[in-house]
Amino acid sequence: MNRFSNKLSLLNKKIGSFVSYFSLLLIIIVCFDVLMRYFFNSTSASIAELEWHLFACIFLLNAGNTLRQDKHVRVDAFYSKFSQRTKIYINTFGFLFFLTPFCLLIIDASLPYIINSYKIMEHSTDPSGLPYRFIIKATIPTSMILLLLQGMGNTIEGLYSLKTTK
């Protein structure tokens with residue numbers, strides 16, 4: 001099982017590395033947008049939407065990688081004082097009763113919107129906006145799947161370490 005959790009971590013690490021390039025792309029696009037807006041008095045809805053979409057991808061698709069690195073939000077006032085064993089039990093409980101239901105709920109709720117968006121080939125309401133809105137909407141369940149897989153990997157890793165340290 002340890003190999004399985006390592007593969008899940010590697011998947012999120014690679015996706016996180018790939019998505020990190022979106023930050024550079026976003027910086028370039030924002031600089032271009034600012035340059036066009038303030039020096040040439042020209043702007044485009046598609047550029048603004050692309051900025052939002054890239055930011056959404058950076059945030060959503062990195063959620064699993066953030067969990068992998070243990071950089072997610074947590075109340076450390078108590079947690080940091082607990083033993084490693086207690087932390088594993090808390091993380092397992094959190095995965096089973098909070099993270100898993102949350103991810104499954106978001107996946108279930110988002111799929112009909114993506115399917116409908118694809119069926120009607122939804123595009124921006126702005127004439128110069130971006131087409132194919134279902135692509136950006138698809139990052140929502142994708143990110144939840146990656147987050148769920150990473151939570152599963154962390155839980156397996158934690159339980160495996162409990163077993164081996166007895």
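Reply:

Glu49 counts as buried because its relative accessibility is 5%. Buried means under 20% relative accessible area, exposed means over 50%, and partly exposed lies in between (1.4 Å probe, protein chains only). This is a predicted model: local features need pLDDT of at least 70, side-chain atom pairs count only at pLDDT 80 or more, and totals for chains, interfaces and linings use all residues. Residues are numbered from 1 along each chain as its sequence is written, and side-chain values use heavy atoms, with hydrogens and water left out.

Glu49 has a charged partner. Its side chain meets that of Arg133 in a salt bridge, at 3.9 Å from N to O. The pair links distant parts of the chain: Glu49 is in helix H2, Arg133 is in helix H6, and 84 residues separate them. A salt bridge here is a side-chain nitrogen of Lys or Arg within 4 Å of a carboxyl oxygen of Asp or Glu. Helices are DSSP runs of H or I with at least four residues, numbered from the N terminus.

By this rule the count comes to 3 salt bridges. Another joins Lys137 and Glu122, at 2.8 Å from N to O. Lys137 sits in helix H6, Glu122 in the loop between H5 and H6, and the two are 15 residues apart. Lys137 is partly exposed because its relative accessible area is 23%.

Asp33 is buried, since its relative accessible area is 6%. Arg37 counts as partly exposed, with 36% relative accessibility.

Back to helix H2. His53 lies in this helix. His53 is buried, because its relative accessible area is 17%. Leaving aside neighbours within four places in sequence, His53 is in contact with Leu130 and Ile136. Contact means heavy atoms within 4.5 Å.

Leu54 is also found in helix H2. Its relative accessible area is 8%, so Leu54 is buried. Not counting residues up to four places away in sequence, Leu54 touches Phe22, Leu25, Leu26 and Ile29.

Helix H1 covers 2-39 and H2 covers 45-61, and Phe40 lies in the loop between them. Phe40 counts as exposed, with 55% relative accessibility. Phe40 is part of a nonpolar surface patch of about 660 Å², along with Val30, Val34, Leu35, Tyr38 and Phe39. Patches are made of residues with over 30% relative accessible area and no salt bridge: like charges are joined within 9 Å, nonpolar side chains (Val, Leu, Ile, Met, Phe, Trp, Tyr) within 5 Å. The areas come from the Shrake-Rupley method with a 1.4 Å probe, and for residues only the protein chains shown count as cover.

Asn41 has its place in the loop between H1 and H2. Its phi is near 50 degrees, a positive value in a residue other than glycine. Most residues other than glycine have a negative phi. Asn41 counts as exposed, because its relative accessibility is 73%.

Tyr132 also has a positive phi, about 55 degrees, although it is not a glycine. Tyr132 is found in the loop between helix H5 (84-119) and H6. Tyr132 counts as partly exposed, with 46% relative accessibility.

Helix H6 spans residues 133-164, and Asn154 has its place there. Asn154 counts as partly exposed because its relative accessibility is 30%. Leu54 and Asn154 are 100 residues apart along the chain, and their C-alpha atoms are separated by 27 Å. Ser44 and Asn154 are 110 residues apart in sequence and 43 Å apart in space, C-alpha to C-alpha.

How do H1 and H6 meet? What is the angle at which their axes cross? The axes come within 8 Å and cross at roughly 145 degrees. Axes are lines fitted to C-alpha atoms, for helices over the stretch in contact, and angles run from 0 to 180 degrees between N-to-C directions. H1 passes H6 in a left-handed crossing. A crossing is left-handed if the near helix is turned anticlockwise from the far one by less than a right angle, and right-handed if clockwise. On the H1 side, the residues that meet H6 include Phe4, Leu8, Leu11 and Ile15. The H6 side includes Leu146, Leu149, Met152, Gly153, Ile156 and Tyr160.
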